[in-house]
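Student: I would like to go through this structure by question and answer. Please show the sequence and the structure to begin.

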Amino acid sequence: MTQASPNASFAGYHKDLAKPEAAELTHVRKGTPGGEYLRRFWHPIALTTQVTALPKRLRILGEDLVLFRTLGGTLGLLHLHCSHRGSSLEFGLPTESGISCCYHGWHYAPDGTILDTPGEPADSPIRHRISHGAYPLREHGGLIFGYFGPPEAMPPFFLTDAASVPGNHFHPYLLTFDCNWLQVHENSMDPLHSVFLHTRMSGVQFSEAFGALPVVQYRRTPLGVTSTAVRRIGDMVWARVNDELTPNIAQFGPPWEDGQTPKLFVPPAITRWIVPYDDTSCMTIGWRHANDQVDPDGRTKMEEIGLESVDFFGQTPNRDYADRQREPGDWDAQVSQRPIALHALENLGRTDTGIGMLRQNLRHGITALARGTAPPPPPPPTHDGVLTTFAHDTVLHLPARGNDDEAFLHQVCDIVTEITLGTAGLPHTTRRAECISRLKAAGLC
Ligand code: FES
Ligand SMILES: [Fe+2]
């Protein structure tokens with residue numbers, strides 16, 4: 001009997017699906033290479049509105065924690081289980097200066113100092129001998145950020161230029177995804193999925209323009225990877241640059257863009273992080289930005305933006321299952337890649353170049369840190385504490401060039417990408433004007 005090839009018809013039996021996970025990239029617990037790497041960055045962990053008068057239990061990077069606000073107004077993030085005998089501090093009582101465990105009243109400051117052990121004799125040295133696990137926090141734009149690495153390696157906290165547009169309104173949101181963080185983050189370097197998932201497969205989810213097959217260029221930047229997707233929309237050419245910032249930030253233009261109206265270097269509508277709860281669940285957490293540049297017509301639906309909700313299609317499982325099957329969204333496509341997507345079973349094509357670059361950057365940082373041969377990536381270049389980034393939408397009136405149009409779109413893609421990346425060193429306050437002037441010099445507007 002001849003052995004059937006695993007690539008023949010009806011080859012289900014011969015497929016070897018028992019492949020290992022890409023653990024180095026996907027596992028996040030303390031002590032794993034990926035988990036240690038992710039612990040070297042600030043991450044948003046909750047919405048400000050989630051912290052009420054009661055403590056909030058949460059899990060980040062596989063660690064069980066309690067987030068609370070003291071009666072004096074200071075935020076604290078502590079290991080969940082009391083240092084005395086392990087009761088959960090989600091049942092603790094916030095005080096003026098900390099939180100008290102419900103079981104025997106041990107009293108903790110937000111930095112983990114044990115302020116009091118009230119049942120112990122007054123001269124007991126126990127509270128001076130130990131401290132409780134605690135992490136530093138920052139609050140900005142309705143998000144609470146935590147840092148989970150060694151204090152001596154704490155990087156500076158920064159905002160991107162998208163979050164520093166004059167008059168910007170921050171609309172924070174948080175969406176839970178029941179799968180590994182990396183496959184959700186990788187979606188940021190997959191502009192092709194917008195053509196299919198969001199337009200051609202089950203109907204227009206954002207705007208019809210996303211259904212035009214784009215010319216795409218991926219580029220490595222000092223911060224991560226960008227994709228420039230250039231589409232022909234009638235007499236217009238729409239260039240959308242998406243921005244991936246290693247390890248887990250991405251920025252995108254608004255979902256309603258239709259490529260019909262001229263615009264130049266309009267900043268992104270979304271800055272978001274993918275933050276692991278643990279190996280098989282994570283959150284998309286970030287801001288929808290609303291300002292005169294990105295949303296001059298007031299299309300942001302702020303009442304839809306918040307906890308487990310955002311104002312564009314398909315980001316949660318909160319629909320009827322049959323509806324999700326008929327018209328799947330990002331949540332369905334990404335979570336269904338398995339609890340942890342198996343890279344060894346993928347067959348990546350040319351359109352997946354951006355995914356490969358993203359993984360390579362991540363692997364590079366993880367490996368360097370694990371070997372101790374190089375520090376994690378240096379703090380990003382900033383101007384006045386603001387990081388210059390790359391995402392934008394540009395729509396140009398450039399009628400089609402007949403049979404040469406595809407070559408022309410490639411040319412536009414090259415020029416827009418060069419200008420976008422070539423102005424990275426400029427302060428965010430003057431950069432847009434310089435981008436426009438370079439685009440004019442190139443004869444594109
Ligand atoms: S277990 Fe918390 S004070 Fe005893
Ligand atoms: Fe999407």
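Student: Which residues have the most contacts inside the largest nonpolar core?

Tutor: This is a predicted model, in which local features need pLDDT of at least 70 and side-chain atom pairs count only at pLDDT 80 or more, while totals for chains, interfaces and linings use all residues. Residues are numbered from 1 along each chain as its sequence is written, and chains are lettered from A and ligands numbered from 1 in the order in which they are written. A nonpolar core is a set of buried Ala, Val, Leu, Ile, Met, Phe, Trp, Tyr and Cys residues joined through C-beta atoms within 7 Å; buried means that 20 or more other C-beta atoms, placed from the backbone, lie within 10 Å of a residue's own. The largest such core has 89 residues, and those with the most contacts inside it are Val230, Ala239, Val275, Cys282 and Met283.

Student: Which strand gives the largest share of this core?

Tutor: Strands are DSSP runs of E, at least two residues long, numbered from the N terminus. The largest share of the core is six residues, and it comes from residues 236-245, strand E15.

Student: Why does this core lie between domain 1 and domain 2?

Tutor: The domain bounds, 42-153 for domain 1 and 159-441 for domain 2, come from an automatic or database domain assignment. The core lies between the two because residues are given to it by both domain 1 and domain 2.

Student: Which residues does Val230 touch, leaving out those up to four places away in sequence?

Tutor: Two residues are in contact if their C-beta atoms, placed from the backbone, lie within 7 Å. With the sequence neighbours left out, Val230 touches Pro214, Val215, Val237, Ala239, Leu409, Val412 and Cys413.

Student: How many residues of domain 1 are in contact with domain 2, and which element gives the largest share of them?

Tutor: The C-alpha centres of the domains lie 35 Å apart. Twelve residues of domain 1 are in contact with 14 of domain 2. On the domain 1 side, two or more residues come from each of strand E1 (42-47) and strand E2 (56-60).

Student: How many residues of strand E19 are buried?

Tutor: E19 covers residues 281-290 and is mostly covered. Of its ten residues, the buried ones number nine.

Student: How many bridges join strand E12 to E19, and how many join strand E18 to E19?

Tutor: Strands pair if DSSP finds at least two bridges between them. E12 (residues 169-177) runs antiparallel to E19, with Phe170 having His289 as its bridge partner. E18 (residues 270-278) is also antiparallel to E19, and a hairpin joins E18 to E19 through two residues. The counts are nine bridges for E12 and eight for E18.

Student: What is the average twist from one strand to the next in the open sheet E1-E10-E9?

Tutor: This sheet has antiparallel pairing, and E9 (137-140) pairs with strand E10 (residues 143-147) over four bridges. The twist averages 35°.

Notes
A residue is buried if 20 or more other C-beta atoms lie within 10 Å of its own, exposed if 12 or fewer, and partly exposed in between; C-beta atoms are placed from the backbone. Axes are lines fitted to C-alpha atoms, for helices over the stretch in contact, and angles run from 0 to 180 degrees between N-to-C directions.
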